[in-house]
Amino acid sequence: MKTNIDHTDPAKTMNTTRGNGGETHQRADDDGKMLTTQQGVVISDNQNSLKAGPRGPTLLEDFVLREKINHFDHERIPERVVHARGSAAHGYFELTESLEEYTTAKILTETGKQTPLFTRFSTVAGSKGSKDTPRDVRGFSVKVYTEEGNWDLVGNDMPIFFIQDAMKFPDLVHAVKPEPDRGFPQAASAHDTFWDFVSLSPETMHNVIWLMSDRGLPRSLRMIEGFGIHSYRLINKEGKSTFMRFHWKPLLGVQSTTWDEAVKISGADPDYHRRDLFEAIDNQMYPEWEFGVQLFTEEQANDFPFDHLDSTKLIPEEMVPVKIVGKMVLNRNPDNFFAETEQVAFCLSHVPPGIDFSNDPLLQGRLFSYLDTQLKRLGSPNFAQIPINAPKCPFANNQQDGHMQMQVPKTRVLYEPQSLDPTRPRESVKKGFESFHEKLDDGVKGRVRAESFADHYSQPRMFYRSQTTIEQAHIASAYAFELGKVDAAHVRTRTLSHLIHIDQDLASRVAKALGMELPEAADPAAPVQDMATSAAVRTIGLTPKSLKGRLVGILVAEGSKHSEIKKFEDAAKAEGASVKIVAPGREVLLDDGTCIQSDERITGAPSVLFDAVVSIIMPDQAKKLAKDSSALDWFTDAYVHCKAIAYCGATDEFILSKLPIEKDAFVTPLADLDTFIENAKSRLWEREPKVRDLA
Ligand code: HDD
């Protein structure tokens with residue numbers, strides 16, 4: 001029997017043909033075409049292979065089958081060696097204030113113009129299929145298609161890095177990735193090899209304390225900051241250089257989850273961040289970041305109490321303020337995950353004229369690594385021709401051939417100098433990229449580390465002392481958790497010997513939680529300084545008092561009051577929140593006879609997925625839910641994660657009263673709608689010590 005799709009019905013016709021040229025080529029629209037092979041031969045039957053008789057055997061001659069399977073077999077490309085798991089979106093950059101005084105780069109001098117860009121966020125340690133919410137640094141890469149060539153801003157959500165010299169990068173990555181003999185743990189730093197490396201490399205202390213802080217557990221990719229980390233150079237018309245560190249500041253503020261929440265989210269929705277970004281853009285709630293720069297001269301840099309060429313040092317915003325000069329808006333989801341998010345290739349070396357590099361040894365090593373890795377990952381020096389990577393300005397050169405060459409140069413002349421073809425591209429002294437004419441000291445060649453890089457504790461100390469009490473407790477608890485997973489006692493001890501320099505109290509809290517004695521402090525290579533604290537490095541307090549970007553979950557069941565549900569839904573939405581209806585099933589009959597579709601079943605939507613929760617249920621349903629662990633966890637978790645809860649009488653009588661939930665200021669009856677809405681904008685952190693034994 002032959003089963004065939006009806007090709008006369010366009011709704012049932014699946015096609016894979018591609019359009020030609022420009023935007024249509026990039027965003028292939030296959031509607032209404034016929035299914036063909038790669039060579040354009042129309043396929044008559046896409047369900048059955050070619051056989052000698054109905055029961056086989058299958059014939060080798062079947063080129064349709066062979067081509068289909070062959071292409072499928074080659075679908076995977078090597079995942080990124082780090083930052084493998086990512087989520088991305090299209091958007092635009094707009095300059096609001098010109099930096100003409102500092103640079104010739106048009107992207108930083110022409111205000112009011114929208115320049116297209118593509119931004120990819122990522123975790124670092126986990127592989128492509130790993131969860132979204134491990135404790136990890138987040139990558140923040142932006143490819144701006146400027147009219148003077150692509151500018152790739154490849155940063156992280158933390159303003160510093162683990163190491164000072166690119167020479168150590170493979171070691172750092174091998175230490176944090178799954179241990180090579182056993183292949184675990186996946187997407188986790190809580191294991192012996194990571195802490196072994198860390199405790200033997202005190203330069204990691206600063207990034208590690210950021211990782212142990214709430215910054216390691218972002219609530220949403222829309223709520224992370226981005227940092228270029230290194231100092232770059234801006235070069236102006238006169239050839240003068242000014243150092244620049246760039247920043248992305250999210251309009252939704254910086255927000256994080258608790259550790260317990262992150263662990264539970266990873267089970268409930270491993271795609272939590274990817275889904276959140278996709279849904280926000282799909283619902284036209286476009287995430288936005290301000291673009292800011294810290295600008296400083298060589299002379300100013302000489303007065304910093306640290307070396308700005310050292311990537312483990314941030315420049316406190318109180319020392320050099322962040323000047324906001326532009327914005328980024330993400331307003332379009334990728335059409336195809338592989339073609340865009342996976343194939344996008346960022347290289348730090350992609351900068352337009354007017355922007356240049358500093359001598360930061362980590363940056364210098366990165367300038368080599370990114371191009372090299374794209375050649376391996378994408379398999380050809382022609383990766384720049386892939387639509388997501390191609391500049392949107394004219395480009396022309398004499399490079400030729402190579403795997404997957406998409407261009408067909410029509411000339412005899414692919415070399416320079418030449419006198420045969422006057423139409424061929426020429427270099428331009430006036431417009432071309434020119435490196436800063438830096439005067440170099442006569443140095444002595446050697447594998448050395450600058451003395452000015454030797455202080456590894458002052459900035460982590462500043463970071464710890466800048467935190468609120470609850471954030472300090474989170475940091476101490478995170479160290480205790482991670483070191484608690486380390487079996488090698490000497491590694492735990494050695495780590496404690498460094499923490500003493502950061503803060504004695506931190507070290508004591510971690511030691512106590514681990515049941516260990518405090519060891520002797522490690523030998524510091526340089527005196528530890530007491531720097532002024534900085535509010536900008538906190539997490540709590542950097543969130544605007546708003547419901548924008550937040551998600552409220554409303555639990556309903558059969559017979560729930562429709563008018564009450566609507567009241568809460570409208571009030572939350574009016575403040576910019578999204579709302580999801582959670583119920584025992586996907587269809588719910590309400591008190592007024594309306595049957596609504598819920599967004600989620602309660603078993604699939606634990607309260608960790610929401611920022612605040614509401615319960616509107618009738619007594620008979622409350623009695624039923626009181627016997628269901630997913631419903632009990634719904635309330636208990638919302639409570640222990642310090643969230644706002646609005647409850648009805650039946651919820652109180654049959655559920656809350658049976659649980660260890662205190663009626664504090666954030667647990668309010670339905671009648672206090674306004675209080676709930678205000679509470680939902682933040683968390684009641686004071687509740688946390690009552691529900692968790694923090695270090
Ligand atoms: Fe890196 C990817 C960020 C140091 C080598 N890195 C990668 C990505 C981000 C960063 C966000 C993902 C890009 C994407 O979305 O495709 N890396 C950083 C930051 C660093 C840093 C902020 C320090 C300031 N990286 C660093 C060093 C080296 C690399 C020192 C090597 C010497 N990074 C790579 C890489 C990756 C990469 C191997 C893997 C995939 C890729 O490049 O495209 O080349």
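Colleague: If contact means heavy atoms within 4.5 Å, which residues does Thr-257 touch, not counting residues up to four places away in sequence?

Modeller: Leaving those sequence neighbours aside, Thr-257 touches Leu-217, Pro-218 and Arg-219, together with Ala-262, Ile-265 and Arg-683. Before we go on, please keep in mind that this is a predicted model, in which local features need pLDDT of at least 70 and side-chain atom pairs count only at pLDDT 80 or more, while totals for chains, interfaces and linings use all residues. Residues are numbered from 1 along each chain as its sequence is written, and side-chain values use heavy atoms, with hydrogens and water left out.

Colleague: OK, and where is Thr-257 found?

Modeller: Thr-257 is found in the loop that runs between β7 (241-250) and α6 (259-268), where helices (H or I, at least four residues) and strands (E, at least two) are DSSP runs numbered from the N terminus.

Colleague: Is Thr-257 buried or exposed?

Modeller: Thr-257 counts as buried because its relative accessible area is 2%, and buried here means under 20%, exposed over 50% and partly exposed in between (1.4 Å probe, protein chains only).

Colleague: What about Ser-497, which helix is that in?

Modeller: Ser-497 sits in helix α13, which covers residues 489-502, and with a relative accessibility of 7% Ser-497 is buried as well. Not counting residues up to four places away in sequence, Ser-497 touches Pro-519, Glu-520, Ala-521 and Ala-522.

Colleague: Switching to the ligand, which residues come nearest?

Modeller: There are 23 residues around the ligand, and of these Arg-80, Arg-120, Arg-366, Tyr-370 and Gln-374 come nearest, with a residue included if one of its heavy atoms lies within 4 Å. Helix α10 (361-378) supplies at least two residues of that shell, as do β3 (138-146) and β4 (149-156), and α10 gives the most, with six residues.

Colleague: How many Å from a ligand oxygen is the side chain of Arg-80?

Modeller: An N or O atom in the side chain of Arg-80 is 2.7 Å from an oxygen atom of the ligand. For Arg-120, a polar side-chain atom lies 2.7 Å from a ligand oxygen, and for Ser-369 an N or O atom of the side chain is 3.1 Å from one.

Colleague: And what is the protein donor of the iron atom?

Modeller: The only protein donor of the ligand's iron atom is the OH of Tyr-370, at 1.9 Å, and Tyr-370 belongs to helix α10. Donors are N, O and S atoms within 2.8 Å of the metal (3.2 Å for Na, K and Ca), and water is not among the atoms, so sites may look incomplete.

Colleague: Now the six-strand sheet, what is its order?

Modeller: The order is β15-β12-β11-β16-β17-β18, in an open sheet with parallel pairing, where two strands pair if DSSP finds at least two bridges between them. Its edge strands are β15 (600-601) and β18 (667-669), each of which pairs on one side only.

Colleague: Why is β16 largely enclosed?

Modeller: Strand β16 (residues 612-616) is largely enclosed by the rest of the structure because five of its five residues are buried. Ala-612, Val-614 and Ile-616 point one way from β16, while Val-613 and Ser-615 point the other way.

Colleague: Which residues are partners across those strands?

Modeller: Strand β11 (residues 551-556) pairs with β16 in the parallel sense over five bridges, and there Ile-554 has Val-614 as its bridge partner. On to β17, four bridges join β16 to that parallel strand, with Ser-615 opposite Tyr-647. Three bridges then join β17 (residues 644-647) to β18, again running parallel, and Ile-645 stands opposite Val-667.

How values were computed. A polar contact is a pair of N or O atoms within 3.5 Å; within protein, one must be able to donate a hydrogen and the other to accept it, and residues adjacent in sequence count only if both atoms are side-chain atoms. Contact means heavy atoms within 4.5 Å.
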